[in-house]
Amino acid sequence: MFSEKAKIHADACRFCWMCRHICPVGLVSGKEGNTPRGRALIVSMDSRNIPLTADAAALMYECCLCNACANDCKTGYDPTVFTREARTMAVVNGLVPPEVEKVIDRAMQGSLYAGEPDSSLRAAIERLPEKADTLVYLGDVTLHQSPEMALDLFKVLKAAGVEFTVLRDERASGAHLGDLIGYVDEVRLMSAACAQRIQETGAKKIVVLDPSDARFIKQQWGAWDLLQPDVQVITATSYVAKLLDSGRLRLRQLPYQSTTFHDPCRLARDLDETEPARRIIVAMGIPLREMFLNRKLTKCCSGAIIHQTDPALSKKIAAGRWEDAAATGADLLITACPGCRSVLGSQAPKGKLVRDIFSLLAEAC
Ligand code: SF4
Ligand code: SF4
């Protein structure tokens with residue numbers, strides 16, 4: 001059963017076309033089922049005794065949950081509410097597509113990815129102190145797909161004289177599982193185990209590298225009351241921007257001139273953090289050519305989940321974002337998210353390059 005909230009949002013969206021131009025999936029697939037309205041029609045049929053089918057469930061997984069539609073909506077509706085609940089229904093009714101099911105099975109075990117985290121990153125974590133007031137939470141995508149980003153962040157924090165630790169046995173925050181199966185009890189329990197492990201360290205400041213984890217920890221863990229109120233959660237980008245502002249971090253100018261910045265959806269839209277990354281980039285002497293869809297209007301590059309569940313669709317969505325970047329004429333695309341780095345990096349057109357902001361900072365320290 002869908003919640004009353006999901007039904008209200010679906011009934012509002014099902015005859016509305018107003019945000020169709022903004023959906024990064026609908027824009028590259030051209031399918032009505034890949035728009036908020038298309039999904040709303042399917043969800044609204046459930047309360048009219050036409051239940052979800054396997055084909056309809058598959059469409060629910062062709063959404064990045066990027067919130068561009070909700071951000072664009074002038075009437076305050078949010079299609080991610082009913083899309084997430086439809087995923088819960090798909091799981092409960094055994095309608096999940098097989099390729100998604102494999103990813104869910106892995107996520108239930110704590111990672112979107114098969115295999116162990118990167119070994120050089122693990123070795124670097126072993127060399128850090130076991131306890132410190134500041135704990136860096138890396139997240140699943142960083143550990144498996146973008147370990148260099150973490151190593152560069154470590155260099156930056158050390159250059160600023162920050163004492164920090166990282167959990168040797170870092171657990172999943174629940175962000176990805178929550179996107180895959182909805183905010184159900186299994187996800188809350190996974191999150192609670194992660195929160196408890198963090199609290200056992202006694203750290204009072206949690207610096208979160210992946211904006212997806214940061215959004216989930218700040219907002220959903222907050223709703224579930226999983227962290228003590230005296231624990232501060234801050235994104236890595238905001239934290240480094242504060243180090244710069246306080247003078248603890250000094251940077252030299254870098255020579256890159258032809259650059260643009262891809263705002264990660266979670267950072268820009270969900271956490272309203274668009275300027276810290278730009279302050280950091282300007283401090284390294286790098287001029288930015290802004291994409292047409294920048295800051296809260298950013299266009300999703302597909303995200304880490306679709307990259308795993310539907311690589312062909314992920315490739316098309318990422319190509320859509322590369323078109324936006326190409327329109328600026330920039331050769332270097334900078335981002336601040338391990339998922340975006342991994343997805344956009346794997347689809348970079350010839351002659352174009354992706355760098356994350358921490359790799360540039362490590363170069364400028
Ligand atoms: S989110 Fe808003 S603009 Fe988009 S379909 Fe729903 S009601 Fe319309
Ligand atoms: S959340 Fe993003 S991908 Fe999903 S329907 Fe809205 S705009 Fe499209």
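Student: What distance separates the centres of domain 1 and domain 2?
Tutor: The model is predicted, so local features need pLDDT of at least 70 and side-chain atom pairs count only at pLDDT 80 or more, whereas totals for chains, interfaces and linings use all residues. Residues are numbered from 1 along each chain as its sequence is written, and chains are lettered from A and ligands numbered from 1 in the order in which they are written. The protein is divided into domain 1 (4-96), domain 2 (119-244) and domain 3 (246-364), with bounds that come from an automatic or database domain assignment. Taken over C-alpha atoms, the separation between the centres of domain 1 and domain 2 is 30 Å.

Student: How many charged residues has the side of domain 1 that touches domain 2?
Tutor: Two residues are in contact if their C-beta atoms, placed from the backbone, lie within 7 Å. Domain 1 and domain 2 each give six residues to their contact. Asp, Glu, Lys and Arg count as charged; Ala, Val, Leu, Ile, Met, Phe, Trp, Tyr, Cys and Pro count as nonpolar; the others, Gly among them, count as polar. On the side of domain 1, two residues are nonpolar, one is polar, and the number of charged residues is three.

Student: Which elements supply at least two residues each to the shell around ligand 1?
Tutor: A residue is near a ligand if its C-beta atom, placed from the backbone, lies within 6 Å of it. By this criterion 13 residues surround ligand 1, and Cys13, Cys16, Met18, Cys19 and Cys73 are the closest. Helices are DSSP runs (H or I, at least four residues), as are strands (E, at least two), numbered from the N terminus. The elements in question are α1 (4-13), α3 (36-46) and α5.

Student: How many charged residues are in the shell around ligand 2?
Tutor: The shell around ligand 2 consists of 15 residues, of which Cys23, Cys63, Cys66, Ala68 and Cys69 are the closest. The elements α2 (24-29), α5 (68-72) and α6 (79-92) give two or more residues to this shell. By class, 13 of its residues are nonpolar and two are polar, and the number that are charged is none.

Student: Is Ala10 buried or exposed?
Tutor: Ala10 lies in helix α1 and touches Ala40, Val43, Ser44 and Phe82, not counting residues up to four places away in sequence. A residue is buried if 20 or more other C-beta atoms, placed from the backbone, lie within 10 Å of its own, exposed if 12 or fewer do, and partly exposed in between. Because Ala10 has 28 C-beta neighbours inside 10 Å, Ala10 counts as buried.
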